[in-house]
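Look at the structure, then read on.

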Amino acid sequence: MILSTDYQPSDSNPESGANPEVPSLETQVEELFGPDGLLSQASNFEYRQPQQAMATGVIRALEADKNCVVEAGTGVGKSLAYLIPAILFGQAHHRKALICTHTINLQEQLAEKDLPMLQRILPVDFSYTLLKGRGNYLCTRRLARALQKADGLFTSPEIAELKRVEAWAKETTDGSLSDFDVEPDPKVWEAVASERGLCSPKFCGRGSESASLHGECFFQKARRRFMSADVLVLNHALFFSNLTLGLAGYMDEDEDPGEGLIFRNDFAIFDEAQHLDRVASRHIGLHVSSGQIRFNLQRLWNPRTEKGLLSTLRKGPMVRQVADAIDEADKLFSDVESACDAAHDKSPRRQRDWSELRIREAELVDDTVSLPLQRVRESLGDLIEASEDEESTAELIECNRRIGEIREAVSTFIGQSAEKHVYWVERTGRQGQSLALNAAPIDTAEFLRHHLFGRGVPVVCTSATLAIADPERSDLPPEQKALCPGLEYFLKQVGAETARRAQLGSPFDYQQQVKLYIAGRMPDPRDDEYGDALVHWIEHFVRMTHGKAFVLFTNGKLMRDVAAELEPVFDDLGIRALVQGTGSPRAAMLEEFKRDTDSVLFGLDSFWQGVDVPGDALSNVIITRLPFAVPDHPLIEARVESIEARGGNAFMEFNVPEAILKFRQGVGRLIRTGNDSGIVAVLDNRVLTKRYGEHFLNSLPQMEIQTV
């Protein structure tokens, strides 16, 4: 069912010279998705009017070069509803479609299932490929050079690892990291992977001297596929990494970017678009870690192993400069950690050791590293100028560029010179043994408004959960049933206020397929009795379905404590409990849950969304608490402060909408197909006792509700 829409009629002009005998793209799309269209010939096809409406709206937006935001409920079939218009539009206008997803699972579905099927049935020829970052690919020229210079670059174990890569290179057809059974040592891979400035068509492509000696570089082969493909499938992070590079990720400076590859003549479709703001903010800010600085300096010279580029170039005087820069970088991060510990100890809200600590004032520590880094860069400049070896020159130029970027990032962080940014220090690594300096814009909307939605090419955003209200709900006042009111939060968040928009309801019958229970007698989640009440009600609802349940938490310690208390009960019932964070990887837990249909899975954030368990294995979703984000991350804290500074209500403008979107994601785990059914239990009575609670319930499709 179409809930609401402002899809416009086609902007195409029938008298503009088009062949009247050839149906318009809009007509072609409508017919393809019609009850008797081409798709109806597939054995598993079911005509869905919302799917046809979405596809029609997408092709209209593409034809008009307009941005478009579509919420399409679970079961609409949104991937085909954007893929088919994208393919037809791209082929008709010779433009490349970038299909961006957040999860690997969806990328694999598109590349391994949907697109191959469309290649077979659509009346147009098109090509597609999965886009990976260049650092995933082996450069055969760099491998040959690394083998030649191995004694000066690597230790004995690293040379053995390099030999393993050499043997793999003779067998692999893909030449990317995903083709390894066991990935190589990162330092060794860094020395042989494709790298901007070092791996180009001139050095490594077909017809180059290197290609005749070593075979064409694997990245250059992949790059030709990228450049010629009509459809590219990639993840959000890679899109924004390359958007901020301004095409430099895949193109050389002397190339004409007119054909596009993020972004000149491309158009983009973002599925799982609810992640857009968060991913963009991470990739348009700065991030520099202690390990990153050490790694890039040790690429020149490692004082401990006495290996590196300077060893192969026999440039002894620079060795001391690099060693000094490494020492100063170590000292800088030691000073940063001490300053952060001291600031944390003084914080009135201090409760535990810090993992991310906001830095509110400039000059947290003295910048002792910029000058040593600049000295290294100046000496590198002299080496580059004097070098007569083209390949050595390219390596040095790339080192110089990276060290320059690091120096600038450190300086920006310490001086807090990027305006309207929030700054924080983060512990990284498995044991939190490393530190990273971070900055991100408090409001990403301005950047996205200009660099994404304002580029003059169409951008389509879609997801099952973008809105914070369902305008079909009969209990909403008439003024709230106006044009897609629930999408306004997302549109403003990402700077897409002028985009066309639509909300398309799910074809599933939630009234018949789902029963929602609300534990009305639950203590407040902040009360001491809350944990005991959770144990009681989780046992109650798990017994109703004999397992087959997701139990979704927002707090890891509470989750583990409750799971431990319920262990004897589950043992008596013959139900296996799978608890996130107790040893098994997430993917393995999920597969075990699907296999053992009487099991219960206790999960945190990553199980609230992007998890598909259709069928009998999942008949029960228990939400232990409304998923309000704890404002302990500096970026969230800064956004809350920004809203309050302009006189807004941060709780209602930010916290509640974000929690509603995640709540909808959690509830959405239950019904994945038209044959699924089951129960949802909400163990947080604030949906009944607080004024904002009705917004959570009104965000869901209409279903039977019972308070217990």
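Q: By class, how many nonpolar, polar and charged residues does the lining of the largest cavity have?
A: The model is predicted; local features need pLDDT of at least 70, side-chain atom pairs count only at pLDDT 80 or more, and totals for chains, interfaces and linings use all residues. Residues are numbered from 1 along each chain as its sequence is written, and side-chain values use heavy atoms, without hydrogens and water. The lining of the largest cavity includes Arg141, Glu391 and Leu198. Ala, Val, Leu, Ile, Met, Phe, Trp, Tyr, Cys and Pro count as nonpolar, Asp, Glu, Lys and Arg as charged, and the others, Gly among them, as polar, and the lining divides into 2 nonpolar, no polar and 5 charged residues.

Q: Which helices each supply at least two residues of that lining?
A: Helices here are DSSP runs (H or I, at least four residues), numbered from the N terminus. Two of them qualify: H5 (140–148) and H18 (390–415).

Q: At what angle do H3 and H4 pack?
A: Helix H3 spans residues 78–93, and helix H4 spans residues 104–121. Axes are lines fitted to C-alpha atoms over the stretch in contact, and angles run from 0 to 180 degrees between N-to-C directions. The axes lie 11 Å apart, at an angle of about 60°.

Q: How do the residues of the contact of H3 with H4 divide by class?
A: Contact means heavy atoms within 4.5 Å. Among the residues making it are Leu80 and Ile84 of H3 and Leu115 and Asp114 of H4. The division is 9 nonpolar, 2 polar and 1 charged.

How values were computed. 1 Å grid on protein atoms, 1.4 Å probe; cavity = no way out; pocket = protein on both sides within 12 Å on 5 of 7 lines; lining within 4 Å.
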